[in-house]
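I opened this notebook to keep track of what I looked up. The entries follow the order in which I went through the structure.

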Amino acid sequence: MISRSIISLLCFLAFGFQVAVAQELPRSSESALDWLKKMAEAPRRHNYSGTFIYYADNHIEASRIVHKTDHAGEHERIEVLDGSPRIVFRTNDEMKCYLPESKRIYTERRWFRKFFPDILPQPFGNLDENYYVKEVKRERIIDHECQVISLIPRDSLRYGYRFWIDVGTGLLLKNAITDGDEIIEQFAFAQLEIDGAIQHDLLKPSSFMTQNQNEWKVTNLLTSVINEGELKWQVNNLPLGFRKLIEMKRNLTEKPVFVDHIALSDGLATVSVFIEPIAEDVPTPAPGFFTGRGAINIYVRVLEGNKITTVGEAPLETIKLIGDSVIKLN
């Protein structure tokens, strides 16, 4: 069965125009925006621990989270409880991902990667330009009174969002990403304790690292931030509401090969463009669309011997607009 997103894309391609139909929506109220500000600040103000559930495309996955904030910043552990074991330890923006089955550790900085419930940038900027932020109602989630906030996109270039925000602390307890009336991705706490005591040992690699530590292989995924205009690539025609955040060179695999990375955002959704040369002994990659899980979409094209991959939490139409706008500078 062809999904509604694919049908929309086919129509978009057939008529050949930028689908950015703006909705006539009012400005967001200050009280609604204040809820988002409180939500963005909450992970910097509160300790919390619990279990949350991720649901998308008939896939359900549970994770355990422990989060502590102190004078040194934020410390966090997220352990995926389903499928292959994965444990992420984070200290501010520095992350280590442990894969116990393969005895591998990957280290990297958290460039724009968002982990529930910390999904708003801090500060979160002027979301009102791209979304109508609306207070909906109060609703109880795992015995916490929550304010429900709806973010309605002002055009067809982005998804909608719904947040359930704990009234007392501002912590996000549940969120949903929507495409029209369809929910395409959800996170929700199933169990949660806020501002309880967090034992320091919980934020260190546990018993799986206490023996035979030499068996583990560490891979450092490096990033080099570069100045504006240093890349020989640029996105020539950004979709309405998106702006460039940063340009980088990154090695995303164990190979010592750096790819160019341009990161974009509309204040909430993030989109990344990766450009890498195609090796002579490698077949030319197939261009086209590749659907990720939930809200993530992927678009690949080839230009002058380079593979351009655009990936982000935006509709296929938006991902294609961005990917097709990438040009090589002389």
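**Entry 1: a loop residue.** I began with Glu304, which lies in the loop between S19 and S20. The model is a predicted one, so I treat each value here as computed from it. Glu304 has a positive phi of about 50° although it is not a glycine. Most residues other than glycine have a negative phi, so I wrote this one down. Buried or exposed, I asked of Glu304? Glu304 is exposed, since its relative accessible area is 57%, and the cut-off for exposed is over 50%.

**Entry 2: another positive phi.** I then turned to Asp195, in the loop between S11 and strand S12 (217–220). Phi of Asp195 is near 65°, again a positive value in a residue other than glycine. Asp195 has 45% relative accessibility and therefore counts as partly exposed.

**Entry 3: a cis bond.** I checked the peptide bond from Phe116 to Pro117 and found it cis, with omega near 5°. Most peptide bonds are trans. Pro117 belongs to the loop between strand S6 (104–109) and strand S7 (131–141).

**Entry 4: the whole protein.** I stepped back to count elements, and the protein has three helices and 21 strands. Its radius of gyration is 21 Å, close to the 20 Å that the globule rule gives for 330 residues, so the protein is as compact as a globular protein of that length. The C-alpha trace spans about 55 × 55 × 45 Å along the principal axes. I noted that 48% of the 330 residues count as buried. Of the contacts with a separation of 6 or more, 54% are between residues 24 or more positions apart.

**Entry 5: aromatic pairs.** How many aromatic pairs does the structure hold? I found eleven. In one of them, the rings of Phe52 and Phe189 have centres 6.0 Å apart and planes at 85°, so I list the pair as edge-to-face. Phe52 is in strand S1 (residues 48–56) and Phe189 in strand S11 (residues 182–194), so this pair ties together parts 137 residues apart in sequence. Phe52 and Phe189 are both buried.

I looked next at Tyr54 and Phe187, whose ring centres are 4.8 Å apart with planes at 45°, so the pair is tilted. This pair too links distant parts of the chain, with Tyr54 in strand S1 and Phe187 in strand S11, 133 residues apart. Tyr54 and Phe187 are buried as well. Ring pairs join Phe52, Tyr54, Phe116, Phe187 and Phe189 into a cluster. Phe116 had already come up in the cis bond to Pro117.

**Entry 6: charges over rings.** Which ring does Lys174 lie over? The ring is that of Trp164, with Lys174 over its face at 4.5 Å from the ring centre. Lys174 is part of strand S10 (residues 172–179). Its C-alpha atom is 5.5 Å from that of Phe187, 13 residues away along the chain. Beyond its sequence neighbours within four places, the contacts of Lys174 include Phe116, Trp164 and Phe187. I also recorded that the charged end of Arg158 sits over the ring of Tyr131, 6.0 Å from the ring centre.

**Entry 7: a buried glutamine.** I looked up Gln147 in strand S8 (residues 144–153). Gln147 counts as buried because its relative accessibility is 5%, and the cut-off for buried is under 20%. The side chain of Gln147 reaches the backbone oxygen of Lys137 at 3.2 Å.

**Entry 8: a hairpin.** Strand S18 (residues 288–291) and strand S19 (residues 297–303) pair in the antiparallel sense over four bridges. Thr291 stands opposite Asn297 in S19. The two strands form a hairpin with five residues between them, and Gly294 in the turn has a positive phi of about 65°.

Entry 9: I ended with Gly312, which is in strand S20 (residues 306–312). Gly312 counts as buried, at 4% relative accessibility. Leaving out neighbours within four places in sequence, its contacts include Ala295, Asn297 and Ile319. Ile319 is one of the buried residues of H3. In helix H3 (residues 316–324) eight of the nine residues are buried, so the helix is largely enclosed by the rest of the structure.

Definitions and conventions: Residues are numbered from 1 along each chain as its sequence is written. This is a predicted model: local features need pLDDT of at least 70, side-chain atom pairs count only at pLDDT 80 or more; totals for chains, interfaces and linings use all residues. Side-chain values use heavy atoms; hydrogens and water are left out. Contact means heavy atoms within 4.5 Å. Buried means under 20% relative accessible area, exposed over 50%, partly exposed in between (1.4 Å probe, protein chains only). A polar contact is a pair of N or O atoms within 3.5 Å; within protein, one must be able to donate a hydrogen and the other to accept it, and residues adjacent in sequence count only if both atoms are side-chain atoms. Rings of Phe, Tyr and Trp (its six-membered ring) pair if their centres lie within 6.5 Å; planes under 30 degrees apart count as stacked, over 60 as edge-to-face and the rest as tilted. A charge sits over a ring if NZ of Lys or CZ of Arg is within 6 Å of the ring centre and within 35 degrees of the ring normal. Two strands pair if DSSP finds at least two bridges between them. The radius of gyration is taken over C-alpha atoms; the globule rule is 2.2 Å times the number of residues to the power 0.38.
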